[in-house]
Amino acid sequence: MSIALPDETHRWRCAGCGNLPRFDVVRTRRTSEFWHLDLAGDHRVEQTELLAESVESVSCRWCGRSDAIELVPRNEAGEDVAAE
């Protein structure tokens, strides 16, 4: 099952309890990185390119449900909170 990531115009919402801000997310990322090692051998990542990403699961931090997570427009999500 692939779960869509929120973008600038959408956010997650738990349809079970109404939670908007807190989710546990398990995801896999494949990246390409440029590492700069100093003479002592310590490294610093100077550049990262995201090659692929998949969200394996999203669950509500408040009620624990993973079957009720939905992607909603940000303005509607904010209206839900204001109505309460």
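A residue counts as buried when its relative accessible area is under 20%. Keep that cut-off in mind as we walk through this model, which is a predicted one.

Let's start with tryptophan 12. Its relative accessible area is 10%, so tryptophan 12 is buried. Phenylalanine 23 comes in at 17%, so it counts as buried too. These two residues also make an aromatic pair: their ring centres sit 5.7 Å apart and the ring planes meet at 65 degrees, so the pair is edge-to-face. Searching the whole structure turns up one aromatic pair. Tryptophan 12 belongs to strand β1 and phenylalanine 23 to strand β2, eleven residues apart, so the pair ties together distant parts of the chain.

The largest nonpolar core has nine residues, among them Trp12, Phe23, Ile3 and Ala68. Strands β1 (10–14) and β3 each give at least two residues to this core, and the largest share, three residues, is from β3.

How do the strands β2 and β3 pair? Strand β2 (residues 23–37) runs antiparallel to β3, with 15 bridges between them. For example, arginine 27 has valine 55 in β3 as its bridge partner. Five residues lie between the two strands of this hairpin, and glycine 41 there has a positive phi near 100 degrees.

Valine 45 is in strand β3, which covers residues 43–60. With a relative accessible area of 37%, valine 45 is partly exposed. Together with Trp35 and Leu37, Val45 makes a nonpolar surface patch of about 280 Å².

Conventions
Residues are numbered from 1 along each chain as its sequence is written. This is a predicted model: local features need pLDDT of at least 70, side-chain atom pairs count only at pLDDT 80 or more; totals for chains, interfaces and linings use all residues. Side-chain values use heavy atoms; hydrogens and water are left out. Patches are made of residues with over 30% relative accessible area and no salt bridge: like charges are joined within 9 Å, nonpolar side chains (Val, Leu, Ile, Met, Phe, Trp, Tyr) within 5 Å. Accessible areas come from the Shrake-Rupley method with a 1.4 Å probe; for residues, only the protein chains shown count as cover. A salt bridge is a side-chain nitrogen of Lys or Arg within 4 Å of a carboxyl oxygen of Asp or Glu. Helices (H or I, at least four residues) and strands (E, at least two) are DSSP runs, numbered from the N terminus. Buried means under 20% relative accessible area, exposed over 50%, partly exposed in between (1.4 Å probe, protein chains only). A nonpolar core is a set of buried Ala, Val, Leu, Ile, Met, Phe, Trp, Tyr and Cys residues joined through side-chain atoms within 4.5 Å. Two strands pair if DSSP finds at least two bridges between them. Rings of Phe, Tyr and Trp (its six-membered ring) pair if their centres lie within 6.5 Å; planes under 30 degrees apart count as stacked, over 60 as edge-to-face and the rest as tilted.
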